Amino acid sequence: MNDTLNEMRTISVTINGKARQLEVAVNHTLLDVLRDDIDLTGTKECCVVGECGACTVILNGRSVNSCLMLAVEADGGDLRTVEGLEGDDGLSALQAAFLDEGAAQCGFCIPGQLMAATALLEKNPNPTVEEIQEGLAGNLCRCAGYEQITRAVLAAVREGEQ
Amino acid sequence: MNSFHYARPETVADAVSLLDEYGEKARLLAGGTDLIIELRNRWVEPEIVIDVKRIPELAGGITEQDGVLSISAGTVMTDIVEDERVQRHFPALAEAAVVVGSVQIRARATLAGNICNGSPAADTAPPLLVYDAVVVVAGPGGTRRLPIDDFIVGPGKTALERGELVIAVELPIPQRARGSAYTRLTRRRGTDLASITLCAGVDADGDARIAYGSVGPRAFLVRDESGILGDPNIPIEDKVEPLDRIFSLASPSLKSLRASPDYRLAMLRVLGARALETALGRLTKEEVVR
């Protein structure tokens with residue numbers, strides 16, 4: 001088959017708390033649809049083989065690589081992207097901690113790091129350094145800001161305890 | 001990615017009939033962590049992608065019945081790692097599942113997909129071999145059960161025939177004390193394919209077996225005929241020869257970039273001894289508990 005005519009399908013998905021109906025090509029990844037169809041470009045495209053984690057989003061409470069799934073697979077799901085982290089009273093504790101600790105250098109990996117860290121803390125609100133490192137092992141930072149990123153997650157944990 | 005038809009059957013029968021109709025031109029989609037890469041790179045160009053995740057029989061999670069733990073085909077690595085029964089009865093499977101890819105990969109990748117993909121480096125193959133797993137397969141002729149050793153054939157190849165798909169992987173719960181352990185060799189921790197995968201299992205009666213992968217076209221299961229490996233009173237230094245016999249099937253590829261054949265063969269002995277020691281230690285503990 002050629003790629004001139006894509007099969008389309010309508011999916012229902014909650015994105016950052018808002019229920020949406022989307023008409024998606026069945027051969028487009030979730031990442032494609034987020035970035036190209038609905039302009040949620042906070043989620044980054046990088047390795048597209050599931051090694052870098054820049055495309056990490058949270059689907060039904062678990063962090064996943066949006067480059068490794070078709071958009072149509074998210075049908076009926078609850079999806080969160082980096083755009084949804086900020087609440088009515090500003091940045092999330094994690095986002096603020098990333099800023100305070102200087103965790104973002106070039107910034108490209110940060111949306112993925114934030115989503116992986118958010119999912120980690122929702123599951124394990126008080127992780128050890130090792131658990132943070134394992135939880136973020138699927139997210140590469142080519143500026144090698146791992147120390148600052150780990151410190152930021154720990155700072156967010158302390159913030160949450162107050 | 002080329003265009004393709006997308007089907008999301010709601011029954012096993014519908015999935016089987018689509019598979020039967022399209023044959024080689026169909027690809028099954030479970031976790032997708034391998035398939036999406038193959039589609040994007042046009043390594044595979046199916047006419048239809050059949051998403052099996054919404055079929056109730058495949059989405060049933062992990063259930064225990066009549067001394068068998070059944071892992072439905074849609075079950076992801078994260079669910080296996082977190083399952084208390086898997087941890088208790090099949091610790092080496094939990095150890096293998098928890099090192100697959102990353103947190104994100106484990107939230108999507110399925111056990112059945114790991115086996116069906118047919119990689120010689122599949123992390124879960126050695127523990128499934130040691131645990132005598134049975135693969136439940138549905139097809140045009142009904143359902144059949146295959147020992148995992150018969151299901152795994154070679155690189156990218158399984159015993160699945162036209163129209164067939166895996167419904168579940170069954171693990172018989174051991175009736176007596178058993179120690180087992182999984183270990184692997186990688187270049188780095190996390191998101192790496194293994195240069196060696198290895199699982200050792202020892203029963204209370206001294207029956208020992210080791211399964212190892214990534215050093216040949218498929219993972220091999222070998223039972224110890226010497227009676228030496230499963231004896232906790234024999235020091236590991238005296239187990240070198242029987243261990244070498246276990247590893248006689250290894251034929252690591254010269255072409256692999258991950259590790260040289262010499263290095264793999266040398267490390268195979270190290271990992272084998274290590275996993276065996278861990279398994280024996282766990283067996284002793286298990287016997288105390290019982």
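This is a quick tour of a predicted model, from confidence to contacts.

Some ground rules. Residues count from 1 along each chain as its sequence is written, while chains are lettered from A and ligands numbered from 1 in the order written. Because the model is predicted, local features need pLDDT of at least 70, side-chain atom pairs count only at pLDDT 80 or more, and totals for chains, interfaces and linings use all residues.

Confidence next. pLDDT is the predictor's per-residue confidence, from 0 to 100. Chain B averages 95, with 99% of its residues at 70 or above. The complex gets an ipTM of 0.94 and a pTM of 0.95.

Now the two chains together. Contact means C-beta atoms, placed from the backbone, within 7 Å. Chain A brings 29 residues and chain B brings 23. On chain A's side, strand β4, residues 62–65, gives the largest share: four residues. Strands here are DSSP runs (E, at least two residues), numbered from the N terminus.

Inside chain A, the assignment, automatic or from a database, gives domain 1 (8–84) and domain 2 (93–161). Domain 1 puts 14 residues into their contact, domain 2 puts in 13. On the domain 1 side, β3(A) gives the most, three residues.

Last, chain B. Strands β6 (134–139) and β7 run antiparallel, joined by six bridges; pairing takes at least two DSSP bridges. A two-residue hairpin links β6(B) to β7(B). B:Val135 has B:Leu146 as its bridge partner.

Conventions. Contact = placed C-beta atoms within 7 Å.
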